[in-house]
Amino acid sequence: MHMTFRWFGPDDPIPLANIRQIPGVTGIVSALYDVAIGDEWPKSKLERLGEMIDRHGMRFSVVESIAVHEDIKLGRPTRDRLLDQYCASVHAMGELGIPVLCYNFMPIFDWTRTDLAEVQPDGSTALSYDDRALSRIDLSHGTGDLPGWSAAYDATTLQALLAAYKEIDAERLWENLAYFLERVVPEAERAGVRMAIHPDDPPWSIFGLPRIITSGAAFERLIDLVDSPSNGVTFCTGSLGADPNNDLPTIARTIGGRGRLHFAHCRNVAITGERRFHEAPHPSRFGDVPMRDVLAALVDVGFTGPMRPDHGRMIWGEHGRAGYGLHDRALGAMYLQGLWEGLERA
Ligand SMILES: [Mn+2]
């Protein structure tokens, strides 16, 4: 395992100079944020980002993410041109020596919460989700009422997309994912890039849209679609852990044992009801993710890939990007490394 940290590029309020001071963090997880979804990533821009990271004594470990255009997820005829552009971006990564690509295949929305700053008993704030609150959100005038997505879609665009997805059930989405993987994975393998799909967050259908990467069984189905070491997963404990049916240590052992666990996102969630949770401090006892047993499984399967502390709370008066402040994620990085050291020596 090597510890990494997500950084949102030069516009991130957290400078690389601060990240490098978190003991043990050797890698950065980042992306290009100014390229339109579907367009080819210019290699020169990616190279400049990598040079900034190098100058701060760290390496560019993971691209998270190259977004998958909705036309690919919908299986529209335009997908072939978009897939060519996707493959070109993957090749640019490979040429620059960036070994892992985290991506997701969630229709329209990726991570979704109903409160970005739920006040916790200790005065910190955390992201939270409640299915009942989600059901009260009106999308007829766009995403204005959806926390974190307010500026994402106007009414016309969103309604057209939602209508298009009426034709796509879970099996059709699997077919479109297979089509994507059959074209991209061989190119990734040639480029020396390991693809790592991120599970759906939360791991169930929202707004009537299909969501398919929700469990260990889904991970195994995905891996079986294209048999290549470049076709793997991002093991996100917080996303999968929001569903109490997911046995996280078993999933880590199964997928890790097959050599397809390419990236680990570690965060804790406290389940507070049916399809209701809030994010919690990283250590096991603060939530429903058995972090000690998850890391023990990763140690047992010999996991050597990048890990990052996933979302943190806002603490010590910090203001910033929801889930991505400096302090609580830095605490998470330290806890995870301490746990790892103890398990590895045991
Ligand atoms: Mn994650």
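Why does Leu96 count as partly exposed? Leu96 has 16 other C-beta atoms within 10 Å, and therefore falls in the partly exposed class. A residue is buried if 20 or more other C-beta atoms lie within 10 Å of its own, exposed if 12 or fewer, and partly exposed in between, with C-beta atoms placed from the backbone.

The model is predicted: local features need pLDDT of at least 70, side-chain atom pairs count only at pLDDT 80 or more, and totals for chains, interfaces and linings use all residues. Residues are numbered from 1 along each chain as its sequence is written.

Leu96 sits in the loop between helix 4 and strand 4 (100–103). Helices (H or I, at least four residues) and strands (E, at least two) are DSSP runs, numbered from the N terminus. Setting aside neighbours within four places in sequence, Leu96 is in contact with Lys43, Leu46, Glu47 and Gly50. Contact here is a distance within 7 Å between the C-beta atoms of two residues, again placed from the backbone. Gly50 is 46 residues from Leu96 along the chain, yet their C-alpha atoms are separated by 8.2 Å.

Now consider the whole protein chain. Its secondary structure comes to 12 helices and 12 strands. Of its 346 residues, 45% count as buried. Among contacts between residues at least 6 apart in sequence, 71% join residues at least 24 apart. The C-alpha atoms fill a box of roughly 50 × 45 × 40 Å, taken along the principal axes.

The largest nonpolar core has 88 residues, and those with the most contacts inside it are Met93, Leu101, Val184 and Ala252. Such a core is a set of buried Ala, Val, Leu, Ile, Met, Phe, Trp, Tyr and Cys residues joined through C-beta atoms within 7 Å. Helix 7 gives the largest share of this core, eight residues.

Helix 7 covers residues 170–191. Its buried residues include Leu173, Leu177, Phe180, Leu181 and Val184. An α-helix has 3.6 residues a turn, so residues three or four places apart point the same way. Among the elements that cover the buried residues of helix 7 are helix 4 (79–95) and strand 7 (194–197).

Val184 is also where helix 7 bends by about 30°, and Pro186 follows within four residues. The bend is the angle between axes fitted to the seven residues ending at a residue and the seven starting there. Beyond neighbours within four places in sequence, Val184 is in contact with Leu83, Tyr86, Cys87, Val90 and Met195. Just after helix 7, Gly192 takes a positive phi of about 75°.

Methods
The expected span of a helix is 1.5 Å times one less than its number of residues.
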